[in-house]
Amino acid sequence: MININGIVLKRVPFRDHDAIISIVTPERMFSFLARGVDKITSKNTFSVSPYSLSNFELMKTKEGLSLKTGKLINSYSHAKDNLDTLAVLDFISEITFRLLEDGDYPSLYKSIKKILELLDRGFHPKTLAIIYFATILNAAGYGWNVDSCQKCGSKAGIVAINPQRGGFICRECFEAGNGMKLTPRELNILRYIFKVTPDLYEKTSFINEECTKVISILDHFVLDIVDIMLKSTKLLIKL
């Protein structure tokens, strides 16, 4: 028997009234079978609601892990009550499962839990979206070099980015077609989201236009380098 707290990232119908539940825990991300949770009478229904924190008691069966009982800890209901926050949650789910597979991601739980708490309290949704974008890229091994020029290693005179290589470019190495020139503030925003830790998420927020540009830059990076087209970013950019 396994007893663990986890955040539900996805709930997929499976046979009759069953569902496959994907969760992230303080140690890893994995899935289990939840029998009968689509029945009105099921006592476990609320515990497996997407983007909720619950305690799960899981059994090991021949088919894998199966839910015995679930207890809802926090539904983060206010994080699901408007279009902006729902768009961020949809983005979190899509990019997580497009870039990551089940496995050990100890930093992911803290990040998602903090984002849900802040969305529930009304924190700026698009700021949290770009922070999570960078968090997932780091977890998937596509994190950017935001400490120095990715070409020469210089920490001085950073003026641009090279989206193809995922990193900063200094003034000396910058050439037309070798990158995209950004303002000092835009460069600082990129550096911030790739370095910030969950305990500091609420210290800074950015305006929608700034977030939109960052989403667009990272979206093109994922398409060009990882060869993945994200659907949820289109709505985020329009918000």
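Is Phe206 buried or exposed? Phe206 counts as buried, with a relative accessibility of 8%, where buried means under 20% relative accessible area, exposed over 50% and partly exposed in between (1.4 Å probe, protein chains only).

The structure is a predicted model, in which local features need pLDDT of at least 70 and side-chain atom pairs count only at pLDDT 80 or more, while totals for chains, interfaces and linings use all residues. Residues are numbered from 1 along each chain as its sequence is written, and side-chain values use heavy atoms, with hydrogens and water left out.

**Aromatic contacts**

The structure holds 5 aromatic pairs; rings of Phe, Tyr and Trp (its six-membered ring) pair if their centres lie within 6.5 Å, and planes under 30 degrees apart count as stacked, over 60 as edge-to-face and the rest as tilted. Tyr192 and Phe206 form an edge-to-face pair, because their ring centres are 5.6 Å apart and their planes stand at 80°. Tyr192 belongs to helix H4 and Phe206 to the loop between H4 and helix H5 (208–226), so this pair ties together parts that are 14 residues apart in sequence. Helices (H or I, at least four residues) and strands (E, at least two) are DSSP runs, numbered from the N terminus. Ring pairs also link Trp144, Phe194 and Phe221 into a cluster.

A charge is placed over an aromatic face elsewhere: Lys10 lies over the face of Phe97, at 4.1 Å from the ring centre. The rule for such a contact is that NZ of Lys or CZ of Arg is within 6 Å of the ring centre and within 35 degrees of the ring normal.

**Pocket and cavity**

Both kinds of space are found on a 1 Å grid over the protein atoms alone: a cavity is a set of points where a 1.4 Å probe fits but cannot get out, and a pocket is an open set with protein on both sides within 12 Å along at least five of seven lines; lining residues have an atom within 4 Å of a point. Grid points are joined across faces, edges and corners, and a volume is the space filled by probe spheres set on the points.

The largest pocket holds about 170 Å³ of space. It is lined by 13 residues, of which Ile158, Phe168, Pro184, Leu187 and Asn188 are the closest to its centre. Strand E7 (145–149), strand E8 (158–162) and helix H4 (184–195) each supply at least two lining residues, and H4 gives the most, with 4 residues.

The count of cavities of 30 Å³ or more comes to 1. Leu182, Glu186, Ile189, Leu190, Glu210, Lys213, Val214 and Ile217 line the largest cavity. H4 and H5 are the elements that give two or more residues to this lining, and H5 gives the most, with 4 residues.

The table sets out the two spaces, with residues classed as nonpolar (Ala, Val, Leu, Ile, Met, Phe, Trp, Tyr, Cys and Pro), charged (Asp, Glu, Lys and Arg) or polar (the others, Gly among them).

| Space | Volume | Lining by class |
|---|---|---|
| Largest pocket | About 170 Å³ | 7 nonpolar, 3 polar and 3 charged residues |
| Largest cavity | About 50 Å³ | 5 nonpolar, no polar and 3 charged residues |

**Cysteines**

A search of the whole structure finds 0 disulfides, a disulfide being a pair of cysteine sulfur atoms within 2.5 Å. For Cys149, the nearest cysteine sulfur is that of Cys152, 3.8 Å away. Cys149 counts as buried, at 2% relative accessibility. For Cys173, the nearest cysteine sulfur is that of Cys170, at 3.6 Å. Cys173 is likewise buried, with a relative accessible area of 12%.

**Backbone and loop positions**

Most residues other than glycine have a negative phi. Arg15, although not a glycine, has a positive phi of about 60°. Arg15 is found in the loop between strand E1 (2–14) and strand E2 (18–24) and is partly exposed, with a relative accessible area of 46%. Tyr51 also has a positive phi, near 65°. Tyr51 is placed in the loop between E3 and E4 and is buried, with a relative accessible area of 13%.

Phe46 is found in the loop between strand E3 (28–34) and strand E4 (53–61). Phe46 is exposed, with a relative accessible area of 61%.
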